[in-house]
Amino acid sequence: MASGDVLSPEVEVFQQNGEVEGDVDGNFSDSPAASPNLNDLRPKLKAKRRAKRSPSKEEQQLPSTNGVNASQLSRSKPRYDRKSRTAYGRGLPKKGGAGGKGVWGKPGCELDIDGVIDEKDPNYDSDAQGNYELETIAPELTPEEVEKTIKPVIQEYFEHGDTSEVAVTLGELNLGHKKHEIATHAVSMALDKHDSHREMTSRLISDLYGNILTHREMAAAFDSILDDLSDLTLDTPDAPHVVGSFIARAVADDVLPPKYVTNYKLSGDSKQARAALDRAHVLLSMKHGMVRLDNVWGVGGGQRPVKYLIKKMNMLLREYLSSRDIQEATRCLQELEVPHFHHELVYEAVVTVLEAGSEQVGTAILMLLKSLADAIILTVDQMDRGFDRVFESMPDIVLDVPNAHTILERFSEECFNKGVITNHTKAKVPIRARKRFVSEGDGGRIKE
């Protein structure tokens with residue numbers, strides 16, 4: 001009997017005397033058959049048994065495996081076991097041990113990785129990452145380098161006129177946040193050029209928009225031009241007028257929004273900028289303005305009709321003979337922008353000398369041709385072609401001017417002495433043969 005068991009007083013008496021004088025419930029008897037059993041005196045406790053749960057209908061429908069119901073298998077496994085709890089499968093872990101949260105993955109999956117790409121990974125091996133392709137990265141150009149790089153490209157564009165080549169060249173440059181300076185330099189360089197170059201500039205800006213330059217960069221470019229317009233006016237007095245035409249043409253080409261003209265905020269009292277915006281507003285407000293702005297710079301010299309150019313050159317010679325202003329005549333000739341058609345001026349000038357028959361007119365025309373030749377405005381090729389055309393037209397000219405051969409010989413000699421024509425051209429001057437007769441009595445026989 002354990003020491004911790006507590007007995008009633010009657011049991012204690014029995015342990016001391018070895019006998020019990022009465023019953024446990026107080027009724028004592030002298031009969032030895034009434035001796036109590038110690039096991040019967042202990043308190044009897046019933047063992048706690050878990051109540052059996054009746055199987056559900058789904059578990060009753062599950063098939064049995066080897067005489068054991070699937071519901072009993074599911075209850076016999078601990079909940080943390082990752083093996084399948086259903087009767088299907090081979091009893092292997094789910095997803096090969098790679099399923100669930102907080103797992104390391106399928107055993108051996110680390111061996112399937114080709115290589116560690118993250119260079120911060122401890123297992124990163126630079127030699128095992130395969131071949132690398134190195135790309136050349138151009139550094140961002142400084143403001144000084146931008147100006148030195150862009151201006152030659154635009155100057156070359158004025159000669160060939162290919163916008164796609166300019167786009168490819170500028171696309172290779174790392175301009176960073178200074179891309180708007182492309183349009184800024186283009187417009188600034190076109191201020192002191194002819195209308196044909198300004199037309200090329202507007203076309204270049206329109207083609208670069210969307211490919212290289214964005215809407216904000218275009219607006220930033222014209223903002224910069226308007227801010228510097230006071231300095232540009234010192235070199236080009238009509239800069240406000242020209243810049244206003246550029247802005248209006250940009251709006252017509254959908255490079256700038258129409259609200260740019262009205263919403264631009266002038267910095268300080270800039271009269272030149274206000275004049276440029278007023279010019280743009282007038283061009284945009286006129287009737288059919290958007291259509292007319294396509295020809296805001298006029299028609300280029302090479303696109304003008306030949307009759308129009310001939311008329312302009314005849315007018316130029318008449319104005320020169322009346323004013324004798326060589327500089328004005330030179331400026332008017334350059335504004336026509338037809339260097340390939342300058343031989344027409346030489347032709348008209350020589351024919352004017354032959355028709356006038358005056359030494360004063362011949363001297364004035366000689367001075368003009370000499371000035372244009374020295375300035376290399378009239379090239380040697382254009383001069384020779386002009387004189388050759390006169391030589392070929394002499395049969396028709398003689399009908400109107402009988403002494404045209406004599407005047408042409410004298411004028412060609414003077415031009416050769418002044419260095420206007422070459423010796424080769426002088427040698428081609430047609431000379432009218434003189435027929436000498438013996439006498440009237442010879443019957444018109446020509447003397448040999």
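Q: Before we look at any helix, what does the expected span of a helix mean?
A: The expected span is 1.5 Å times one less than the number of residues in the helix. Keep in mind that this is a predicted model.

Q: OK, so what length does helix α17 reach from its first C-alpha to its last?
A: Helix α17 covers residues 343-356, which is 14 residues. End to end it reaches 20 Å, close to the expected 20 Å.

Q: Is α17 mostly covered or mostly open?
A: Mostly covered, with 11 of its 14 residues buried.

Q: Which residues of α17 are buried?
A: The buried ones are H343, E344, L345, V346, Y347, E348, A349, V350, V351, V353 and L354.

Q: And what covers those buried residues of α17?
A: The cover includes helices α15, α16, α18, α19, α20 (394-400) and α21 (404-418).

Q: What follows α17?
A: G357 does, and its phi is positive, near 65°.

Q: What share of the 448 residues is buried?
A: Buried residues make up 31% of them.

Q: What about contacts between residues at least 6 apart in sequence, how many join residues at least 24 apart?
A: Of those contacts in the protein chain, 64% do.

Q: Back to helix pairs. How do you even describe two packed helices?
A: You give the angle between their axes and the distance between the axes.

Q: Is the crossing of α16 and α18 left-handed or right-handed?
A: The crossing of these two helices is right-handed.

Q: Which residues meet there?
A: From α16 you have I326, A329, T330 and L333, and they meet M367, L368, S371 and L372 from α18. In that contact, 6 residues are nonpolar, 2 are polar and none is charged.

Q: Let's pick T330. Where does it sit?
A: T330 is in helix α16.

Q: Why is T330 called buried?
A: Because its relative accessible area is 14%, and buried means under 20%.

Q: What does T330 touch, not counting residues up to four places away in sequence?
A: With those set aside, T330 touches L372 and I377.

Q: Now α15 and α16. How do their axes cross?
A: At roughly 170°, and the two axes come within 10 Å. Angles over 145 degrees count as roughly antiparallel, so α15 and α16 are roughly antiparallel to each other.

Q: Which residues do they bring to the contact?
A: K312, M313, L316 and Y320 of α15 meet I326, A329, C332, L333 and L336 of α16. That contact has 8 nonpolar residues, no polar ones and 1 charged.

Q: What's in the loop between α15 and α16?
A: R324 has its place there, with α15 running over 306-323. The phi of R324 is near 55°, a positive value in a residue other than glycine.

Q: How accessible is R324?
A: R324 counts as partly exposed, because its relative accessibility is 43%.

Q: Where does I376 lie?
A: I376 is in the loop between α18 and α19 (380-392). Its phi is positive, about 60°, although I376 is not a glycine.

Q: Is I376 buried or exposed?
A: Exposed, with a relative accessible area of 65%.

Q: And V361, which helix is it in?
A: V361 is in helix α18. V361 is buried, with a relative accessible area of 16%.

Q: Leaving aside neighbours within four places in sequence, what is V361 in contact with?
A: V361 is in contact with L321, T352, V353 and A356.

Q: How far apart are V361 and A349?
A: They are 12 residues apart in sequence and 9.7 Å apart in space, C-alpha to C-alpha.

Q: Last topic, helix α8. Why does its length agree with what it should span?
A: Because 14 residues (195-208) at 1.5 Å a residue should span 20 Å, and the end C-alpha atoms of α8 are 20 Å apart.

Q: Which residues of α8 are buried, and what covers them?
A: The buried ones are H197, R198, E199, M200, T201, S202, L204, I205 and L208. Their cover includes α5 (143-160), α6 (163-171), α7 (181-190), α9 (215-227) and α11 (239-252).

Q: And what follows α8?
A: G210, whose phi is positive, near 95°.

How values were computed: Residues are numbered from 1 along each chain as its sequence is written. This is a predicted model: local features need pLDDT of at least 70, side-chain atom pairs count only at pLDDT 80 or more; totals for chains, interfaces and linings use all residues. Side-chain values use heavy atoms; hydrogens and water are left out. A crossing is left-handed if the near helix is turned anticlockwise from the far one by less than a right angle, and right-handed if clockwise. Helices (H or I, at least four residues) and strands (E, at least two) are DSSP runs, numbered from the N terminus. Contact means heavy atoms within 4.5 Å. Ala, Val, Leu, Ile, Met, Phe, Trp, Tyr, Cys and Pro count as nonpolar, Asp, Glu, Lys and Arg as charged, and the others, Gly among them, as polar. Buried means under 20% relative accessible area, exposed over 50%, partly exposed in between (1.4 Å probe, protein chains only). Axes are lines fitted to C-alpha atoms, for helices over the stretch in contact, and angles run from 0 to 180 degrees between N-to-C directions. Angles under 35 degrees count as roughly parallel, over 145 as roughly antiparallel, 65 to 115 as roughly perpendicular and the rest as oblique.
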